[in-house]
Number of protein chains: 2
Amino acid sequence: MAKDKKVEQITDMEVDFAQWYTDICRKAELVEYASVKGFTILRPYGYAIWENMQRIMDAAFKKTGHQNVAMPVLIPESLLKKEGELVNGFAPECAWVTQGGSEQLEERLAFRPTSETMFCDHWSRVLHSYRELPMLYNQWCSVIRWEKTTRPFLRSREFWWQEGHTIHETAEEAMAETEQQLNCYADFYEKVLAIPVVKGRKTEKEKFAGAEATYTVECMMKDHKALQGATSHYFGDKFSRAYGVTFTGRDNRLQYPFQTSWGSTTRMIGAVIMAHGDNNGLVLPPPIAPIQVIILPVAQHKPGVLEAAAALKDRLAAAGLRVQVDDSENSMGWKCAQYEMKGVPLRVEIGPRDIEAGQCVLVRRSDGEKTVVSLGALEEAAKAQLALVQQGLYEKAKRNLEEHCWPAWSVEEAKRLQEEKGGFIKTMWCGDVACEQKMKEEAGMSSRCLPFAQEKLSDVCACCGRPADKMLFWGVAY
Amino acid sequence: MAKDKKVEQITDMEVDFAQWYTDICRKAELVEYASVKGFTILRPYGYAIWENMQRIMDAAFKKTGHQNVAMPVLIPESLLKKEGELVNGFAPECAWVTQGGSEQLEERLAFRPTSETMFCDHWSRVLHSYRELPMLYNQWCSVIRWEKTTRPFLRSREFWWQEGHTIHETAEEAMAETEQQLNCYADFYEKVLAIPVVKGRKTEKEKFAGAEATYTVECMMKDHKALQGATSHYFGDKFSRAYGVTFTGRDNRLQYPFQTSWGSTTRMIGAVIMAHGDNNGLVLPPPIAPIQVIILPVAQHKPGVLEAAAALKDRLAAAGLRVQVDDSENSMGWKCAQYEMKGVPLRVEIGPRDIEAGQCVLVRRSDGEKTVVSLGALEEAAKAQLALVQQGLYEKAKRNLEEHCWPAWSVEEAKRLQEEKGGFIKTMWCGDVACEQKMKEEAGMSSRCLPFAQEKLSDVCACCGRPADKMLFWGVAY
């Protein structure tokens, strides 16, 4: 046994959730700080999770006709400025390139904070006819937003994401695209990440700079704080007009196309940590786990054990699972703790007595449940257990969400509920941004969304008492 | 028939090779210029080729144990400066971020021109023991080098690439990695891109800034100019020492690991264009073609034709091929020209008479060869034709290379051969950089590599007449 390996402890999530989160990011080797302030490194294990997310989302995007492209990373300031709201929203957070080689640039260039401007500029040169519409583009890249305070995955100066950008012949088609992509994100969260979401529309105050409407999927973390999961925006023809994107329509007249954009980021890894993790570390939903099954040989020096473990590995790999054997010299205790920390969904234990009995033991990471299965039925059993892990994670997260949604009829009540119970507070709202300001100042909550599933709690705004016909979700957000 | 669609003409490659190249880049819709000088946009068709290249290379890297990571894109100037040769090589070409949000940065940050410095900085913090070695990392990203003159794919201020970075316990292991990755590139060029390469070592003058040794795969284009395909570098422990990367060795003493890096870029798309393209446009090797088979229905308004075309598509897709049907209203002539321009390797034509005869026609893009095949044998026949396309492209490119390698025994002769015949000129070389300068000034050629397959042409240097035991390849390079 190697004596230098000890099980690393992480902070108890009940004691200090923020420190627990940071501990997992580091000890599960997902991420490391870089020497540039506010920047992070995605380490192999963290990046492998991102690759799985990318592969699944990319296939979904392509299935609905989207194509990937690569746009330049630097945007001239004058180009960024053509649409006023966008530049007002993003310019304060841009990193600016002012020197290229030995020359001082005549115009400074922004490292892309988002690429609507570049896509519009491109379309203004390549789009001619309605026959070329829709153009359904997506780009996987990193962006920079010069945030003041940062946290791994949740808020960092550089982050990795996909940004979809599309243009359409009609407003209806663009709106349908906006909705389709919001649903695509909702499906990804619920079916792949096992995280239930609240779908809805952002208020004017919280919408994307320059958008006509922003739709969002909002999730709840284990500490009952809210996390904006992904957003889908409808722009109308505002950017088309600002950037001179036109096409010859069916009526032979020049028209402006209608536009959408939609994005999701590496913050989804943060969502997974905080939606499913526990005091033993990360808990990964099987579809995104770099290792879905870890096989630990028991008493591995006894004859036949390593061979049996290797045979199980080959069978599970042939069945399409991502599987590894750990036959290192580390202790069984260390190995169990290590793969729990890394959130591997299923552990298979096999030792001399199991071999004799023609069986092995499957242990679920999500709830510690052990199942003894006959070796002959391994593939089927492993897949069934992984499905149970996925289902269990989703149901637990769903309960967490449902049990932390509280109606309130006044700002004081909303504040008390947030402090005492936490979660989403739902109230009627008149539509006035002043009421959002008030809720922020007095109860520390921002509006999360106007959920599609509206309820009528009363006739008046919880903040000002004026007539109100909209129900709004509030929360303390990451 | 849509009257607004006409077949676009491109410049004859014999008349103006450079314009022919640019025409293909634009008319095959691979790339478009951006509004930022020297930057390009990878359009859907160009990016799809890059995605195919990425998928195949990434699988090869992972098969040999490499893991992907993401490093920050911005590098503090002080960090970049820790290794003198590297910074001297790259600083003159860096784009510098000097403002973040509203703040003027105390230290300017370089947009990564290459990431050795970031990897070393990371390793200096996470590496502890020989047990953690080797660390075999790779990153897919874009880099910026502030070039003065640019050409799509071949030289642009931003380009997309993979950069592998590894550290090892011993010099031997690092050297083996350097060679393995060079061979990986050579295999990719020869087996996937159907482009034969000359493998060899770069001279001191031409090696990567900061490397102990640089290895290269050199290819020849149809105009007989040379193109550096990809490079693999051995660093010894030079960067480890400069960046304080250490580990506790088997002897319990602190040691410096040995390092490699290796990279390949979107310039590979440029290589494919110039190695295989012709006056009808792009010619793509099947493994990287976004569309491998295009099905064109003949007399598509006749009953049963579109149904038959769709059925062929389903069968070829089920057989694992990337296949599309073009049932648009455009003329057959336009369609043929369009898919030739886009380099689709195989065209399938099916019309009423074919259906009646139970057959269809396969046409190879690479040489125009037509084959009539029985519908029952379609999958097998299509795969066989694609294999013939791949083989034919490789053989043709191989002949082009072999028939344009000329031995020379003096600078004058080398110059004359280059001017009259073009290609690689091989001479004996004494090892003095002054002789490389002379060849550059007098014959306009740079040294390409010291090929692994050495020949003894004489005992003396072709440039200075002093004793020489190395044979060097020279060429006019992209």
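**Entry 1: a hairpin and its partners**

I began with S5(A) and S6(A), which form a hairpin with 2 residues between them; in the turn, A:Gly101 has a positive phi of about 60°. I note that the model is predicted, that local features need pLDDT of at least 70 and side-chain atom pairs count only at pLDDT 80 or more, while totals for chains, interfaces and linings use all residues. Residues are numbered from 1 along each chain as its sequence is written, chains are lettered from A and ligands numbered from 1 in the order in which they are written, and side-chain values use heavy atoms, with hydrogens and water left out. For naming, helices (H or I, at least four residues) and strands (E, at least two) are DSSP runs numbered from the N terminus.

Strand S5 of chain A covers residues 95-100, and S6(A) covers residues 103-111. The two pair in the antiparallel sense over 4 bridges; I count strands as paired if DSSP finds at least two bridges between them. Which residue of S6(A) does A:Val97 stand opposite? I found A:Leu109 in that position.

S5(A) also pairs with strand S5 (residues 95-100) of chain B, in the antiparallel sense and over 5 bridges. Here A:Val97 stands opposite B:Val97. I then looked up burial (buried is under 20% relative accessible area, exposed over 50%, partly exposed in between, with a 1.4 Å probe and protein chains only). S5(A) is mostly covered, with 6 of its 6 residues buried.

**Entry 2: a sheet in chain A**

I traced an open sheet of 11 strands with mixed pairing, in the order S3-S7-S8-S14-S11-S10-S9-S22-S23-S21-S20. Strands S3 (67-68) and S20 (405-407) stand at the edges with a single partner strand each, so one side of each is left without a neighbour in the sheet. Within the sheet, I recorded S8 (residues 158-168) and S14 (residues 258-265) of chain A as antiparallel partners over 8 bridges. A:Trp161 has A:Thr265 in S14(A) as its bridge partner.

**Entry 3: a helix pair in chain B**

I looked up H1 (residues 17-27) and H8 (residues 267-276) of chain B, whose axes come within 11 Å and cross at roughly 120°. Axes are lines fitted to C-alpha atoms, for helices over the stretch in contact, and angles run from 0 to 180 degrees between N-to-C directions. H1(B) and H8(B) are therefore oblique to each other (under 35 degrees is roughly parallel, over 145 roughly antiparallel, 65 to 115 roughly perpendicular, the rest oblique). Contact (heavy atoms within 4.5 Å) is made by residues including B:Trp20 and B:Ile24 of H1(B) and B:Ile273 of H8(B).

**Entry 4: salt bridges**

I noted 60 salt bridges over all chains, each a side-chain nitrogen of Lys or Arg within 4 Å of a carboxyl oxygen of Asp or Glu. Between A:Glu349 and A:Arg347 the closest N and O atoms are 2.9 Å apart. Are these two residues buried or exposed? A:Glu349 is buried at 12% relative accessibility, and A:Arg347 is buried at 11%.

A:Lys81 and A:Glu77 meet at 3.6 Å, N to O; A:Lys81 is partly exposed at 49%, whereas A:Glu77 is buried at 16%. B:Arg416 is partly exposed at 38% and B:Glu420 exposed at 55%.
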